[in-house]
Amino acid sequence: MRRVMVLGGAGAGKSTFARALGGRLSVPVVHLDSLYWESGWVPAEEAVFLARIEEAVRGDAWVMDGNYSRTWPMRLARADTVILLDVSTPRRLARVVRRSLANYGRTRADLGNDCPEQLPDGAFLRWILGYNRRGRGKALALLADASPEIACHHLRGAGAARRFLDQFSAPCAAAAGG
């Protein structure tokens with residue numbers, strides 16, 4: 001497992017999971033949101049965004065979190081593993097609200113520079129609530145249709161994600177309690 005795509009709805013825990021898996025595998029973690037968002041929550045031009053992804057997937061090893069389904073083909077061409085974090089809508093919604101409150105006004109490491117956390121607006125809440133109709137089916141189809149050479153994991157819930165991570169040694173700092 002050297003090139004891993006991590007998918008899931010907003011609040012599924014993609015970035016947290018990717019950081020944990022990247023640490024356990026000792027491979028770089030790439031957050032697609034940090035490639036997409038320019039300073040002040042301005043989306044990157046599409047050509048710039050795609051060029052950033054092309055550069056990232058050329059790496060020998062990575063864990064890449066984020067959906068951006070239009071980029072799946074270029075990522076799948078290099079991925080050896082796809083992981084879908086399938087978390088219930090109420091849990092994802094609660095996580096997004098909790099994350100927004102905890103980080104309000106600060107830029108998270110998995111976002112672009114100078115993109116301070118905001119409270120979710122109506123459009124983002126509708127995006128979260130509509131994921132099961134829109135994105136989940138596409139992600140499940142991706143797993144079903146993936147090449148046999150790609151290991152696919154459908155992790156249903158936080159417990160399944162923890163059990164998956166437990167298969168790998170924890171990073172030294174975490175094992176030492178630091």
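Strand 6, which covers residues 81–86, pairs with strand 7 in the parallel sense over six bridges, and within this pairing Thr81 has Ala151 of strand 7 as its bridge partner. The model described here is a predicted one. These two strands belong to an open sheet of five strands, whose order is 2-5-1-6-7 and whose pairing is parallel. Strand 2 (29–31) and strand 7 (151–156) stand at the edges with a single partner strand each, so one side of each is left without a neighbour in the sheet. From one strand to the next, the twist averages 15°.

Across part of this sheet lies helix 6, made of residues 122–145, which covers strand 1 (3–8), strand 6 and strand 7 and runs at about 150° to strand 6.

Phe49, when its neighbours within four places in sequence are left aside, is in contact with Leu32, Leu35, Tyr36, Ala44, Tyr68, Arg70 and Thr71.

Finally, the cysteines: a search of the whole structure finds zero disulfides. Cys115 counts as buried because its relative accessibility is 0%, whereas Cys152 is partly exposed, with a relative accessible area of 29%.

Technical notes: Residues are numbered from 1 along each chain as its sequence is written. This is a predicted model: local features need pLDDT of at least 70, side-chain atom pairs count only at pLDDT 80 or more; totals for chains, interfaces and linings use all residues. Side-chain values use heavy atoms; hydrogens and water are left out. Two strands pair if DSSP finds at least two bridges between them. Helices (H or I, at least four residues) and strands (E, at least two) are DSSP runs, numbered from the N terminus. Axes are lines fitted to C-alpha atoms, for helices over the stretch in contact, and angles run from 0 to 180 degrees between N-to-C directions. Contact means heavy atoms within 4.5 Å. A disulfide is a pair of cysteine sulfur atoms within 2.5 Å. Buried means under 20% relative accessible area, exposed over 50%, partly exposed in between (1.4 Å probe, protein chains only).
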